[in-house]
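Work through the exercises below with the structure open. Try each task before reading its solution.

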Amino acid sequence: MSVLFSGGFWAFVCVVAGIYTILALGLQVQFGFAGLLNFGQVGFMAIGAYTMAILVVKEGWSTWLAAPLAIAAAAAGGLLLGLPTLRLRADYFAIVTIAFSEIIRYVATNDTSLTGGSQGTIALGAVGTASEYNSGWSSFQTHVGHALGISTGDTTMLVIVWVVAIILLTLSWFALRTPWGRVLRAIRDDEDAAASLGKNVFAYKLQALALGAALAGIAGLFYAWEFSFFSPDDFQPLLTFFAWMILLLGGLGRVWSVPVGALVFGFIFAGTRFLNFPPFTWVASDERAYIRLIIIGLIIIVLVVLRPQGLLGKRREMVLE
Amino acid sequence: MFLQLVANGLVTGSVYAIAAVGVSLVYGLLRLVNFAYGDFMAFGAFVAFAVNGPLHQSMIVAALAGMAATAALSLVLDVVLWKPMRVRRAGFMSLFLASIGLALVLRQSLLLAAGSAPRSYTVNPYRVFVLGSVRLSDAQVIAIATAAVTIVLVGLFLALTTWGRVLRAMADDRALAAVAGIDVAGATRMAWLISGLLAGLAGVLAAMVEYSFDPNFGFQLLLPVFAAVVLGGIGSAYGALLGGLALGLAQEVSTWSGFAGGVNPVYKPVVAFGVLAVALLIRPQGFFGQARAG
């Protein structure tokens, strides 16, 4: 139980919740604002993380040039996915987006010369060279830590991730209140009505998709920096479903419900680590990981059935159809 | 070499086709994209494994047990999960997300019960049938023969029997079918029953063809199966049959060296989605789909 009382562990939980906040905010922009049923969000995260790591390790770019390009690459991925698929019916679109994220993962697993393959970022550089992509980030993190008088790296990361998350949340909150945001919501509520008012529905949807993808790209950057190693297995569809669960836990169509959902999810996910009392002790500790995911699956089902607007969502504003 | 790939493609395609019909039947009736279907397949494969391995029964008995258990599972889930959701008038998105939650629960339960170690049926993997330049394993021949019979039976069932007509009528226009006095509750049960039987069968056949399988293998099959369903047009059972066969063939034949050197076999799943993307660009509702969901 000692880990339960360690500050480092909970700081880590909050860092991950911050990264999930940014990832799920992207989904909120796509689904909560524009009604797009994207189930491939993790693919954009992978594009962000890999683009940055490849540019830094293979091309020797500075982190501060590679990071914006990685975000742009994720957004471009959104445009590329959207152009042929946004005209599809919602159910077709949902399936095609999962397929997209799986294709990204297949390519990352098998195109070893580009991504290091299933060994992950360790195999990015040539044999015998250190393939660290995060030295630029680490020194920045240390600087920030010194400036703020924080001694542990976990806490520094916590501050940075949440400052960025809050900036992005605030920007999204304002964006939703601009005429652009109002058109998006109009499209979400009644696509034909928006089209009949002369709005270019396709262009708006494409923008929302690309914007959400860029947010996922940012989440991918922080994911890469936080763990200083990643492999294609980190970008399983499961991560997209976690982001959806966060959206449902928080509430649909609202910006500030996303961090609430992410924190609740983070604590559920971390809390299920501590299932070390009967009946859970009847199974081996490595098998308790299965129980954790069973519980998460059950929570998704219960939420969808009992509160289709999400815990903090407003029923009048938006309900999962 | 080319003929061998066509034969392999028919094997893969017929497994996809059976599963795709199962997904499509339920979608047609309930507008439910069943994301847990891959895990239904894995469930069937593992029940069959329990009967075939520890219980030492023949593969035929094992397959039938797997099918029956999977059908029972889908009927029970309809009562405890999908029916309450229908009563609450849950829409397409809610159903989709709930099925994702269900997929997690099923797969992790299977991992908990059976462990993550790969399993194999006690069938002979080395017996080979030679047909001209084509060599097929025991499992492949069984899969292709069983699938052919199943596909014909399903086709006849949909075309000729009353229940088949009811299912197709409801897929076309649920409201109109209900007004015409069709037993909606009975048709729903029938759809789950057949869908479950097909999931169990497809799971057992896929497990035999792949030889070694673990609880995750159903999910890996799910996306090509979905691609087959979308290719055929969601909700169209005949479309799903054709979509499955077409995708299986496309996946295997794309690796043929005569095609500009062929695609690296690890990218077979990507080929399936590539075919799907091109098909959707030409015909956004699939081969046999309706332009708008009814």
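Two residues are in contact if their C-beta atoms, placed from the backbone, lie within 7 Å. This is a predicted model: local features need pLDDT of at least 70, side-chain atom pairs count only at pLDDT 80 or more, and totals for chains, interfaces and linings use all residues. Residues are numbered from 1 along each chain as its sequence is written, while chains are lettered from A and ligands numbered from 1 in the order in which they are written.

**Exercise 1. Describe the contact from the side of chain A that touches chain B.**

Step 1. Count the residues. Chain A gives 34 residues to the contact and chain B gives 36 residues.

Step 2. Find the elements. Helices (H or I, at least four residues) and strands (E, at least two) are DSSP runs, numbered from the N terminus. On chain A, α4 (90–110), α11 (237–250) and α13 (288–306) each supply at least two residues of the side that touches chain B.

Step 3. Sort by type. Ala, Val, Leu, Ile, Met, Phe, Trp, Tyr, Cys and Pro count as nonpolar, Asp, Glu, Lys and Arg as charged, and the others, Gly among them, as polar. This side of chain A holds 26 nonpolar, two polar and six charged residues.

**Exercise 2. Follow helix α3 (residues 59–87) of chain B.**

Step 1. Check the span. The expected value is 1.5 Å times one less than the number of residues. For the 29 residues of α3 of chain B that should be 42 Å; the end C-alpha atoms are 40 Å apart, which agrees.

Step 2. Look for a bend, the angle between axes fitted to the seven residues ending at a residue and the seven starting there. A kink of about 45° is centred on D78(B).

Step 3. List buried residues (20 or more other C-beta atoms within 10 Å of their own, C-beta atoms being placed from the backbone). Among them in α3(B) are G66(B), T70(B), D78(B) and W82(B).

Step 4. Find their partners. The buried residues of α3(B) pack against α13 of chain A, together with α1 (2–30), α2 (37–52), α4 (92–114) and α8 (184–210) of chain B.

Step 5. Pass the helix end. Just after α3(B), R89(B) has a positive phi of about 55°.

**Exercise 3. Which helices and strands does each chain have, and how much is buried?**

Step 1. Chain A has 13 helices and zero strands. Chain B has eleven helices and two strands.

Step 2. Buried residues are 49% of the 321 residues in chain A and 54% of the 294 residues in chain B.

Conventions:
Buried ≥ 20, exposed ≤ 12 C-beta atoms within 10 Å, placed from the backbone.
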